[in-house]
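Have a look at the sequence and the fold first, and then we'll walk through a few spots together.

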Amino acid sequence: MKIIILGAGKVGKTLTQQLSDEEYDYDVVVVDLHPEKIEAIVNQFDVLGVVGDGATYDILLEAGVEETDIIIAVTQSDELNILACLMAEKMGALNSIARVRNPEYLKQRSFMRDQLGLSMIINPELEAANEIRRMLLFPSAFKVDTFVSGKIELAEFRLRENTRLIGVPLSRLNKVSKTNVLICAVRRKDQLIIPNGDDVLEQGDRIHVMGQHRDLVRFCQDINLFEQKTKRVIIVGGGRIAYYLTKQLVEQGIQVKIIECDHQRCVDLSIKLPEATIIESDGSDEEILIEEGIEGVDAFVALTGLDEENIVISLYAKQMKAKKTIAKVTRTNFMNVLDQLDIDSVISPKSIIATQILRFVRAKSNQDDDSSVKTLHHLFNDDVDAMEFVVTPQTCFLNKKVSELTLKNNVLLAAISRERGFVIPKGDTEIRLKDHIVVITTDRKIYSLNDLVRRQR
């Protein structure tokens with residue numbers, strides 16, 4: 001499969017890295033105006049580089065657009081991304097993905113997709129805001145991913161000292177909580193565990209739990225991890241993520257205060273978000289934070305343009321007893337260090353949309369098979385994949401019981417959603433047509449349901 005990536009910035013580089021880590025042999029060409037960026041990315045990854053404007057006919061020809069399966073435009077310019085995708089499709093590219101960040105353009109999303117023919121339109125700031133909102137609406141969780149259009153949730157928790165699961169074998173989970181949930185992945189320091197009934201949880205473990213929202217909430221109550229609903233939020237940094245996030249939170253009746261140092265941005269936010277409180281000030285100033293009520297706030301979200309500032313003020317907020325802290329961090333090399341710090345959640349907009357694009361690419365790699373991946377989330381710094389598939393007539397284990405399947409190593413059937421409800425798979429569970437199956441795996445060669453089982457020789 002041939003893929004052209006326009007833009008060798010943060011998102012383009014992250015996407016190139018994720019495609020390079022895939023087991024599938026992708027033929028990737030990266031296009032950027034800056035020779036030094038192309039040189040760096042070509043030296044680091046097994047890709048071709050073209051220096052030039054990706055929205056021009058000659059450069060697209062040089063990149064081989066006529067034989068391209070997918071063109072992904074993630075430059076800094078929305079207009080260039082849209083134009084490049086339209087030109088590429090006219091020149092022979094089969095699919096196009098454009099990053100569009102301007103809120104005004106997003107209102108025309110359906111038109112651009114249905115009438116102009118763009119395959120996918122992505123907005124990293126909007127997707128980051130969606131992820132933060134899910135965390136704030138479920139304050140016990142550090143991260144919440146969704147499947148089957150939100151019917152199934154995968155929530156991440158850290159086991160504190162007084163959590164009732166500590167020292168309990170997973171085979172006895174139903175003695176602690178009667179809810180219909182499954183603990184499907186555990187991170188213990190540097191050790192990654194796809195657990196079975198014999199595994200015993202320890203203090204400090206990070207666990208991923210699969211279930212429906214009401215069951216996950218009850219599960220948190222049963223194991224003594226429940227926290228009250230979020231009512232007051234302080235956001236430092238008034239960029240696009242803050243705008244999208246605040247717009248969503250005020251609709252939920254949550255009080256939001258944004259601290260932003262740029263005067264004109266404060267004026268704009270005041271007009272666009274009349275229900276929120278906008279403070280023109282330096283959000284890294286200790287006195288300002290105390291004055292604006294950081295002590296004991298339900299949630300503190302750091303969204304400035306500097307990773308270091310977001311980390312430091314989030315740590316300060318935690319010290320001031322903020323119940324939940326979230327920091328935006330762009331550089332992924334910080335992630336392993338942040339696991340050791342007292343910050344509840346970290347979000348990376350570029351990683352979020354790179355994962356969404358990768359899901360699309362995997363589906364196309366499988367030649368548009370109906371059973372190819374529908375939803376994809378990376379867990380534990382990309383070490384584990386959580387994927388959603390739909391059972392089709394072509395699924396080789398249709399109408400078979402789970403106990404009859406010979407699954408590959410490190411593959412776990414975590415959940416099944418069907419018309420009449422939600423099922424945690426057991427040995428006697430039968431796989432039915434149109435079932436939505438959520439799979440947890442460390443295997444990067446999984447592209448469809450048939451890839452889950454070992455081939456019979």
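Predicted model: local features only at pLDDT ≥ 70, side-chain atom pairs only at ≥ 80, totals over all residues.

You'll find N310 in helix α13, which covers residues 307–319. Its side chain makes a polar contact with the side chain of T304, at 2.8 Å. If you set aside the neighbours within four places in sequence, N310 is in contact with A302, L303, T304, A327 and K328.

Now take V312, which also has its place in helix α13. Is V312 buried or exposed? V312 counts as exposed, because its relative accessibility of 53% sits above the 50% cut-off. A302 turns up here too: the C-alpha atoms of V312 and A302 are separated by 9.3 Å, and the two residues are ten apart along the chain.

## Parallel strands and their crossovers

Let's move to the strands. β12 (residues 232–236) pairs with β13 (residues 255–260) in the parallel sense, over five bridges. Within that pairing, V236 stands opposite I259 in β13. To get from β12 to β13, the chain passes through helix α10 (residues 240–251), and this β-α-β crossover is right-handed.

β13 has another partner as well: four bridges join β13 to β14 (residues 277–280), and these strands run parallel. Here K257 stands opposite T277 in β14. The chain goes from β13 to β14 by way of helix α11 (residues 263–272), in a β-α-β crossover that is right-handed.

α10 has twelve residues and reaches 17 Å from its first C-alpha to its last, close to the 16 Å expected at 1.5 Å a residue. Which residues of α10 are buried? They are I241, A242, Y243, Y244, L245, T246, Q248 and L249. Just after α10 comes G253, with a positive phi of about 80°.

Helix α1 (residues 10–21) has twelve residues, so at 1.5 Å a residue it should span 16 Å; its end C-alpha atoms are 17 Å apart, which agrees. In α1, the buried residues include V11, G12, T14, L15, T16, Q18 and L19. As background for reading such lists, an α-helix has 3.6 residues a turn, so residues three or four places apart point the same way.

Most residues other than glycine have a negative phi. With that in mind, look at V148: this residue is not a glycine, yet it has a positive phi of about 50°. V148 is found in the loop between β7 (143–147) and β8 (152–158). V148 counts as buried because its relative accessible area is 6%, under the 20% cut-off.

N224 has a positive phi too, of about 70°, although it is not a glycine. How does N224 count at 36% relative accessibility? N224 counts as partly exposed.

## What the record says

An unreviewed UniProt entry lists "domain: RCK C-terminal" for residues 142–225 and 374–455. Over residues 142–225, the chain is 17% helix and 33% strand, and the end C-alpha atoms are 12 Å apart.

Technical notes: Residues numbered from 1 in each chain as written. Heavy atoms only, no water. Pairing = 2+ DSSP bridges. Helix = DSSP H or I, 4+ residues; strand = E, 2+ residues; numbered from the N terminus. Right-handed = clockwise from strand over helix to strand, strands pointing away. UniProt positions renumbered as here; feature names shortened; annotations may be inferred. Polar contact = N/O pair within 3.5 Å; in protein donor to acceptor, adjacent residues only side chain to side chain. Contact = heavy atoms within 4.5 Å. Buried < 20%, exposed > 50% of the residue type's maximum accessible area, 1.4 Å probe, protein only. Expected span 1.5 Å × (residues − 1).
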